[in-house]
Amino acid sequence: MPGSFLRAKAFLRLCIVVGSTWMLSSCGDQPEIRSYEIPSEYTGPVVSWELPEEWGENPDLSGPMAGSFHVKTDLGPVGRIGVMPFRESVSSVDVANMFGMELGQATIDEEKLKKISEIKKIGDREFEWIRISDDGHEGSTRTVLLALYRNKGETWLFPFIGDRDLIREQEQNFESFLFSTTLRAGKVEIRAKAPALPPPPTHDAHGAPTWEIPKHWVKTSASSMRLASYEVTDRNGSKLDFSVTSFPGDVGGTLANVNRWLGQIGIDPVQEADLDKYISPIVLDEKDAQLVVAEGETDSLYAAILLFEDRSWFFKITGNRELAKVEKSNFLSFLESVCFH
Amino acid sequence: MSKDTKSKKRKKGSLGERRKKFAWLVPLASINLTLTLLSLSMILVFVATLEQVRIGIRGALAEYFESMFGIWYYPEQFWGGEFLNAIPIPIPGGYLLGGLLIINLTAAYITRFQWTGKKMGIQLIHLGIIMLLVGQLATQAMQEESRMQINKGESSNYIERFHGVELAFSDVTDPETQRVVTIPQEIIEEGGTIRTADLPFKIQVKHFGVNCDFTVSPEGSTPAGLVKDVNRGVGQTANLSISEKEEDFSSEGLNFGYLIFELFDGTNSLGTWLTLAHPGGNHWWKESPKLSDLAFQPIRHEGKLWGVTLRSEREYLPYSIELLDVENEFYQGTEIPFNFESDIVLNLEGNQSRRALVYMNTPLRHGGKTFYQYQMNAAANYTVFQVIRNPSWLVPYIACVLVSIGLLWQFSFHLIRFLRKNSNSAQPA
């Protein structure tokens with residue numbers, strides 16, 4: 001009995017030792033929701049207001065809208081009121097035409113603008129009050145009421161789009177709303193839409209070109225050095241490695257680069273005078289470049305060197321000599337597809 | 001009885017007493033166990049090295065070293081691979097082997113070693129190795145790796161983790177102060193609901209993943225798949241569609257984390273948003289005007305302007321680093337980097353500052369963090385530091401010093417004894 005008690009005690013001690021080790025290995029910070037304050041990093045505009053009781057807020061703030069509202073009615077939300085801040089001063093004619101075209105209006109010039117606009121003082125602020133009605137559709141009562149406020153080069157636009165009667169009815173609320181607003185301009189300009197995807201973080205985005213890769217080339221991992229990396233393999237397992245790299249400056253010059261590549265495929269370096277044996281002029285996206293063709297005993301190398309805007313661009317394919325011969329035309333087609341936009 | 005005999009008996013008696021007292025540790029102190037564990041460690045390193053090619057360094061670390069055990073499949077291309085590949089082979093993990101080695105060494109230390117000058121070197125060597133193992137375990141548990149990107153002429157006061165994202169809500173209504181509420185990745189569960197007193201709304205997680213492919217669909221196309229419910233923010237305006245993807249563990253892998261969530265004010269839905277985390281930091285979204293709002297999607301609620309974003313887990317520092325200049329050099333005629341160098345000013349609290357040059361293998365150490373030169377783009381005028389916080393960074397150094405002293409002691413002791421013996425035998429009879 002004492003023996004079994006001692007064994008149990010020993011087992012317990014062992015468990016404590018193993019347990020402590022296990023706990024030590026998992027003693028990192030426990031995940032939790034955190035709340036903290038930092039000095040404001042936000043550079044966009046902030047607007048605050050008091051909303052009339054009859055108005056509701058639209059949660060969608062897409063585009064340049066800093067606020068978006070509607071009028072609550074028994075039939076549901078109607079009309080649309082917005083807040084659009086512009087960092088730069090915006091021409092009243094441009095703004096009027098932006099909305100006027102939507103309503104089928106002919107071009108609004110300075111003369112016409114004078115007729116449809118007035119200056120309205122609300123509180124300490126002076127608003128440009130522009131009323132545009134739908135001229136493009138017969139019987140339409142659609143109307144746009146624009147309130148423009150200018151302050152130190154910033155322009156705040158409050159468009160109220162709705163039926164003529166609704167706008168007339170809600171004009172008092174609109175004025176109260178404008179009176180209640182506190183306007184804080186952003187530190188950066190609100191940019192227009194332009195479709196483009198972000199570049200990978202490790203790559204140099206500076207003037208990166210685009211190209212078309214032959215479909216059978218297989219993508220391999222790019223690195224901080226390689227902007228693109230592909231591999232070509234044939235049935236016998238022979239391989240070619242293709243890469244696109246870019247560096248600031250001329251990276252030692254053509255002779256140094258070509259000699260380094262020649263060394264990689266077992267060809268002795270050449271003097272400047274003999275460089276012509278391997279390089280020939282080529283045009284890449286309407287820019288003068290150099291084509292390097294070097295064939296060693298077992299391996300070959302085809303490359304294009306382009307110096308463009310103080311950067312060197314290298315497009316290089318190297319590997320099995322026989323496979324390189326087959327892929328040469330594909331490589332040249334690839335070079336033709338390179339575009340620096 | 002001579003003094004020497006008495007002393008030997010006392011020492012033997014003390015070791016015997018210790019072995020008796022810690023009898024339960026004797027089996028754990030077995031040298032066979034040590035050799036078995038070391039052999040298994042070699043197998044572990046071999047297997048993990050093979051697997052690193054397939055799943056990347058981070059994947060191999062997580063599967064085999066930061067675990068109690070891992071499952072390995074014999075490679076198909078090896079001899080007999082077509083048959084053996086189907087069999088899952090359990091491999092003891094780093095935590096298991098490391099933990100057992102610590103126990104084994106500690107048990108041996110207590111039950112076998114003698115506290116004599118003659119054995120002092122051996123004891124110090126073993127103590128050093130124990131410290132090395134414990135230090136590695138502590139490093140594994142406490143080390144954090146982050147990055148800090150700074151543009152030339154600007155300063156930064158936060159670092160972002162390489163792995164792991166957080167959902168961040170920022171109340172930017174106040175012009176001076178921004179209130180931030182962050183929800184770490186571990187709390188974001190697909191189908192779960194997140195409530196916190198710090199936010200005026202609750203969040204229902206619809207879809208969440210650590211990596212995805214995303215594309216901008218043509219205008220007018222109907223959202224389908226994961227994004228079919230998205231009706232607010234950039235997901236809607238840019239017609240973003242996504243498809244989930246396995247996490248890429250390779251060192252060059254780019255993981256775009258995604259989250260589709262619906263906000264509720266009580267039972268009233270405020271809409272469904274899609275947010276994406278850029279692996280290089282969400283400031284990269286600014287490069288794409290159509291997606292730039294992914295760094296800050298505005299949500300107006302009860303007169304306050306909130307911004308929401310899924311971003312790399314962020315930590316603010318009580319100091320900032322300003323980048324004065326960057327320089328990168330390559331070996332002439334090659335693409336091999338020769339030197340990356342950042343000229344910086346460390347701005348501390350109380351208007352104190354310190355100028356420093358950070359370059360390869362010469363990091364900046366401050367406030368328990370080490371800033372290594374990591375990436376650089378002189379053309380685009382920015383630098384990226386790898387920031388390591390490792391509270392146990394001194395332990396390996398102390399362990400190495402202990403092992404060195406132990407080795408020196410042991411060799412010196414034997415050398416002196418050998419020289420004495422030689423000089424005694426050389427004396428004429």
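**Entry 1. Basis of the model**

I noted that this is a predicted model, in which local features need pLDDT of at least 70, side-chain atom pairs count only at pLDDT 80 or more, and totals for chains, interfaces and linings use all residues. Residues are numbered from 1 along each chain as its sequence is written, and chains are lettered from A and ligands numbered from 1 in the order in which they are written. I took helices (H or I, at least four residues) and strands (E, at least two) as DSSP runs, numbered from the N terminus. I counted two strands as paired if DSSP finds at least two bridges between them.

**Entry 2. Strand β4 of chain B**

I followed β4(B), residues 155-171, through its pairings. With β3(B), residues 144-151, it pairs in the antiparallel sense over two bridges; B:S146 has B:R161 as its bridge partner. Twelve bridges join β4(B) to β13(B), residues 304-330, and these strands also run antiparallel. In that pairing I found B:I159 opposite B:E315. With β5(B), residues 177-184, β4(B) forms six bridges, again antiparallel, and B:L167 stands opposite B:I183. The hairpin from β4(B) to β5(B) passes through five residues.

**Entry 3. Nonpolar cores**

I then looked for nonpolar cores, each a set of buried Ala, Val, Leu, Ile, Met, Phe, Trp, Tyr and Cys residues joined through C-beta atoms within 7 Å. A residue is buried if 20 or more other C-beta atoms lie within 10 Å of its own, exposed if 12 or fewer, and partly exposed in between, with C-beta atoms placed from the backbone. The largest core has 39 residues, of which B:L259 and B:L274 touch the most other members. The elements of chain B that give it two or more residues are β4, β5, β7 (202-209), β9 (240-244), β10 (257-265), β11 (268-277) and β13. The largest share, five residues, comes from β10(B). A second, separate core holds 26 residues, including A:V258, A:A304, A:L306 and A:F314.

I listed the contacts of B:L274, where two residues are in contact if their C-beta atoms, placed from the backbone, lie within 7 Å. Leaving out residues up to four places away in sequence, B:L274 touches B:V227, B:V230, B:G233, B:G235, B:L240, B:Y258 and B:I260.

**Entry 4. An open sheet in chain B**

I traced an open sheet of four strands in the order β6-β7-β10-β11 of chain B, with antiparallel pairing. β6 (193-194) and β11 of chain B stand at the edges with a single partner strand each, so one side of each is left without a neighbour in the sheet. Two bridges join β6(B) to β7(B), and B:T193 has B:Q204 as its bridge partner.

**Entry 5. Helix α2 of chain B**

A straight helix of 35 residues would span 51 Å, whereas α2(B) spans only 23 Å between its end C-alpha atoms. I found a bend of about 125° at B:I55, taken as the angle between axes fitted to the seven residues ending there and the seven starting there. The buried residues of α2(B) are B:L37, B:L44, B:A48, B:A60, B:E63 and B:Y64. These pack against β1 (69-73), β2 (88-92) and α4 (94-111) of chain B.

**Entry 6. Chain A**

I recorded six helices and 17 strands in chain A. Buried residues make up 23% of its 341 residues. Its average pLDDT, the predictor's confidence in each residue from 0 to 100, is 78, and 77% of the residues score at least 70. Over residues 190-206 of chain A the pLDDT is below 50, yet this stretch has 43 contacts beyond near neighbours in sequence in the model.

How many of the six residues of β6(A) are buried? For this strand, residues 117-122, I found a count of zero. β6(A) pairs with β7(A), residues 125-133, in the antiparallel sense over six bridges, and A:K120 has A:F127 as its bridge partner. Two residues lie between the strands of this hairpin, where A:G123 takes a positive phi near 65°.

**Entry 7. Positive phi outside glycine**

I noted that A:E286 has a positive phi of about 65° although it is not a glycine. A:E286 lies in the loop between β14 (279-284) and β15 (287-295) of chain A, and it counts as exposed because it has 7 C-beta neighbours inside 10 Å. B:N361 has a positive phi of about 65° and is not a glycine either. B:N361 is found in the loop between β15 (353-359) and β16 (364-366) of chain B, and with 6 C-beta neighbours inside 10 Å it counts as exposed.

Key. Expected span 1.5 Å × (residues − 1).
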